[in-house]
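Dear colleague,

I am handing over the structure we spoke about, and I would be grateful if you could look through it with the notes below at hand. The notes begin with the chain as a whole and then turn to its parts.

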Amino acid sequence: MPRTKETTLELDLAALEHNYNYIRTKIHPSTMFLAVVKAFAYGTDSVIIAKKLEKLRVDYMAVAYAHEGKVLREAGIKTPILVLHAQPSNYTMVIKYCLEPSLYSPRTLREFIKTAKTQKQKDYPVHLKFNTGLNRLGFWENDINYIADQLVDREELKIKSIFSHLAASEDKSEEEFSKNQIKSFEKIAEEFTSLLKISPFMHILNTSGIFNYPEAQFQMVRSGIGLYGYGNEARYDAKLLPVATLKTIISQIHNIEPNESVGYNRAFTAEVYKKTATLPLGHADGIGRQYGNGKASVLVNGKEAPIIGNVCMDMIMIDITGIECKEGDEVIVFGKGHSAEAFAAGAKTISYEILSAISQRVKRVITGA
Ligand SMILES: *Cc1c(COP(=O)(O)O)cnc(C)c1O
């Protein structure tokens with residue numbers, strides 16, 4: 001890869017393939033694999049990533065909202081797409097683009113039935129989400145009778161799967177809670193099957209669930225963060241490869257005398273002589289203000305350089321005192337060689353947030369195709 005000449009987010013498709021193959025080794029060959037590509041495929045590029053995943057023959061993809069699924073269909077993606085959190089106002093779009101909604105409450109079930117009826121649908125594939133402890137979205141166990149009543153002699157819908165979501169799959173201290181969620185899910189599935197006389201397929205595991213509770217893989221698993229190279233645990237991070245690497249360059253270097261300040265509101269003041277570099281990357285690109293004032297560091301020619309002062313809209317300043325470098329040199333913000341998890345941890349957040357924050361202004365460049 002030639003050195004970058006501007007801020008770019010490099011997307012390594014060979015790393016994506018490696019991660020997919022690695023996660024697959026954790027599950028049974030016959031278990032279906034749903035790749036989560038919501039939020040621009042965790043801040044990368046949903047179309048580029050979905051095309052690669054389709055080549056890898058994932059069984060399903062998932063997005064959060066209907067518009068995200070529409071973009072994929074318009075780009076020619078044919079794989080079934082589960083929409084995790086479609087709003088009833090978009091159900092017409094869901095049907096128009098052959099997206100499969102998650103229905104998670106009596107209201108969403110009623111509304112989808114209404115739309116499917118108006119659109120004269122038969123056996124339209126939907127997925128029912130049950131709440132087993134996350135208490136975010138989902139039917140409760142005691143909604144099963146209501147669901148059964150709604151579905152009696154109902155031709156419009158076909159329940160393809162029932163699913164749930166773990167609240168703390170990456171947290172070993174919550175193992176008992178997670179196992180109880182899995183048990184409740186099994187109980188719900190049994191009741192559902194015996195009452196409705198149908199056997200939809202089942203899924204509950206996200207990336208950390210796959211690593212920590214493979215016995216609960218049922219017929220499908222749903223992986224997001226792992227595909228992008230992060231496993232919420234050092235031993236899995238070590239097996240995965242970052243797909244996204246955010247690179248930028250040094251625009252200008254300054255020599256700062258003691259008592260001089262750097263940046264807005266003079267948030268950084270040099271106590272001793274400092275050399276600083278200004279980079280073309282700011283909060284409008286996704287580097288929030290929480291990364292400023294020494295909380296996170298970037299890599300300059302292999303050396304860690306902390307972000308100093310306040311993050312600006314289009315710029316950050318870093319301390320390069322003692323680092324050999326010149327204007328125009330490449331800087332790695334996070335990714336290969338400088339984990340997004342570590343970058344995020346400095347600002348007390350997680351890989352998911354920094355990855356999905358990288359704005360559309362940053363040019364995407366594909367490698368490893
Ligand atoms: C985002 C999401 C996932 C993916 O989780 P990862 O931890 O990124 O693997 C899976 N299931 C649901 C319901 C989600 O919202």
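**Overall fold and contacts**

In the protein chain, 67% of the contacts with a separation of 6 or more are accounted for by residues 24 or more positions apart. Please keep in mind throughout that this is a predicted model. The secondary structure of the protein chain comes to 12 helices and 19 strands, and its C-alpha atoms fill a box of roughly 80 × 40 × 40 Å when the box is taken along the principal axes. Of the 369 residues in the protein chain, 56% are buried.

The protein chain is divided into domain 1, which covers residues 31-228, and domain 2, which covers residues 244-367. Taken over C-alpha atoms, the centres of domain 1 and domain 2 are separated by 38 Å. Where the domains meet, 8 residues of domain 1 are in contact with 9 residues of domain 2, and the area buried between domain 1 and domain 2 is about 800 Å², with carbon and sulfur atoms giving 65% of that area.

What does the interface hold in the way of salt bridges and polar contacts? Between domain 1 and domain 2 the count is 0 salt bridges, while the rule finds 2 residue pairs in polar contact across the interface, with both pairs at pLDDT 80 or more. On the side of domain 1 that touches domain 2, helix α2 (residues 38-43) gives the most, with 4 residues, and the residues of that side divide into 5 nonpolar, 2 polar and 1 charged.

N135 is not a glycine, and yet N135 has a positive phi of about 55°. N135 lies in the loop between β6 (124-129) and α7 (144-151), and with a relative accessible area of 53% N135 is exposed.

The other position is D153, a residue other than glycine, whose phi is positive as well, at a value near 50°. D153 is found in the loop that runs between α7 and β7 (157-163), and D153 is exposed, its relative accessible area being 77%.

**Two further loop positions**

If the neighbours of T349 within four places in sequence are left aside, T349 is in contact with Y291 and A344.

S199, for its part, is found in the loop between α8 (175-196) and β8 (201-203), and S199 counts as exposed, because its relative accessibility of 64% is over the 50% cut-off. S199 and I162 are 37 residues apart along the chain, and their C-alpha atoms are separated by 9.1 Å.

With kind regards

Methods: Residues are numbered from 1 along each chain as its sequence is written. This is a predicted model: local features need pLDDT of at least 70, side-chain atom pairs count only at pLDDT 80 or more; totals for chains, interfaces and linings use all residues. Side-chain values use heavy atoms; hydrogens and water are left out. Helices (H or I, at least four residues) and strands (E, at least two) are DSSP runs, numbered from the N terminus. Buried means under 20% relative accessible area, exposed over 50%, partly exposed in between (1.4 Å probe, protein chains only). Domain bounds come from an automatic or database domain assignment. Contact means heavy atoms within 4.5 Å. Buried area is the accessible area (1.4 Å probe) that two parts lose on being put together, summed over both. A salt bridge is a side-chain nitrogen of Lys or Arg within 4 Å of a carboxyl oxygen of Asp or Glu. A polar contact is a pair of N or O atoms within 3.5 Å; within protein, one must be able to donate a hydrogen and the other to accept it, and residues adjacent in sequence count only if both atoms are side-chain atoms. Ala, Val, Leu, Ile, Met, Phe, Trp, Tyr, Cys and Pro count as nonpolar, Asp, Glu, Lys and Arg as charged, and the others, Gly among them, as polar.
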